[in-house]
Amino acid sequence: MTAAHQLTFFDQASDPSLSGLEQIRRIELSDGAWVDVLPGWLRGSDALLSCLLRDVPWRAERRQMYERVLDTPRLLCWYSGEDGFPHPVLTEARDRLTTHYAGELREPFVTAGLCLYRDGRDSVAWHGDRIGRGATEDTMVAILSVGSERHLVLRPRRDPAVVPGTESPRAAARRSVRIPSGHGDLLVMGGSCQRTWEHAIPKTAHPVGPRISIQFRPVGVA
């Protein structure tokens with residue numbers, strides 16, 4: 001898989017490496033949901049981006065959308081963790097996250113799902129990772145992003161005080177949270193986030209290069 005991308009001036013290190021997790025910042029949402037954010041956790045993110053673009057066996061998916069079968073607007077690859085990851089820094093990232101969150105998560109991060117957003121036309125619609133245990137249990141999904149910055153947007157699944165269909169788009173936007181993600185940034189969704197909130201990567205008309213998100217999850221969360 002090859003794709004044109006422009007290197008950033010922010011991170012020119014040739015050997016990907018991780019900083020500490022001491023400066024991670026928690027954003028409390030509602031209903032027991034939270035998001036932890038650490039910009040620039042990975043140094044040498046451009047080098048990792050180039051490696052993943054070249055070495056990962058990216059594949060396209062097709063999904064039923066109403067009466068049509070359409071291409072999913074991004075490329076994907078999933079690693080169980082049993083046979084290793086496409087770069088050793090991803091194994092280190094998974095292990096560091098497991099250690100950092102051991103007291104809250106009480107189980108290891110194991111799998112890694114990779115998504116390639118090739119340009120601003122690629123996206124993912126509103127959803128929660130509620131296949132498997134995430135539908136009924138508090139859990140965590142840790143996302144390490146490399147490449148061009150995109151916004152991950154979160155919103156509550158529903159507001160009990162709002163009658164369905166009566167809220168204006170502007171009011172709904174005020175209740176959403178937008179977090180820029182790229183260039184080695186880390187974002188961790190935890191608590192009830194997968195059940196009580198939704199997240200998305202919207203399309204953008206701005207010219208952007210590729211972005212890859214690496215999503216670490218415990219077993220049984222998808």
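Aspartate 185 sits in strand S13, which covers residues 185–191; strands here are DSSP runs of E with at least two residues, helices are runs of H or I with at least four, and both are numbered from the N terminus. This is a predicted model, where local features need pLDDT of at least 70, side-chain atom pairs count only at pLDDT 80 or more, and totals for chains, interfaces and linings use all residues. Residues are numbered from 1 along each chain as its sequence is written, and side-chain values use heavy atoms, leaving out hydrogens and water.

Buried means under 20% relative accessible area, exposed means over 50%, and partly exposed is in between (1.4 Å probe, protein chains only). A salt bridge needs a side-chain nitrogen of Lys or Arg within 4 Å of a carboxyl oxygen of Asp or Glu. What aspartate 185 does have is a side-chain polar atom 2.7 Å from the backbone nitrogen of glycine 40. Leaving out residues up to four places away in sequence, aspartate 185 touches several others, including Trp41, Ile143 and Pro180 (contact means heavy atoms within 4.5 Å).

Trp41 turns up again in the largest nonpolar core, which has 36 residues; Trp41, Leu186 and Tyr101 are among those with the most contacts inside it. Such a core is a set of buried Ala, Val, Leu, Ile, Met, Phe, Trp, Tyr and Cys residues joined through side-chain atoms within 4.5 Å. Among the elements that each supply at least two residues of this core are helix H1 (45–55), helix H2 (88–100) and S13. A second, separate core of 19 residues includes Leu29, Val35, Leu76 and Leu187.

On to the charged pairs: the whole structure has 12 salt bridges, including these.

| Salt bridge | Closest N to O distance |
|---|---|
| Arginine 26 – glutamate 104 | 2.9 Å |
| Arginine 155 – glutamate 198 | 3.0 Å |

Arginine 155 is in strand S11 (residues 150–156) and glutamate 198 in strand S14 (residues 197–201), so this pair ties together parts 43 residues apart in sequence. Glutamate 198 is buried at 14% relative accessible area, whereas arginine 155 is partly exposed at 31%. Finally, salt bridges with shared partners join Arg26, Asp36 and Glu104 into one network.

Technical notes. A polar contact is a pair of N or O atoms within 3.5 Å; within protein, one must be able to donate a hydrogen and the other to accept it, and residues adjacent in sequence count only if both atoms are side-chain atoms.
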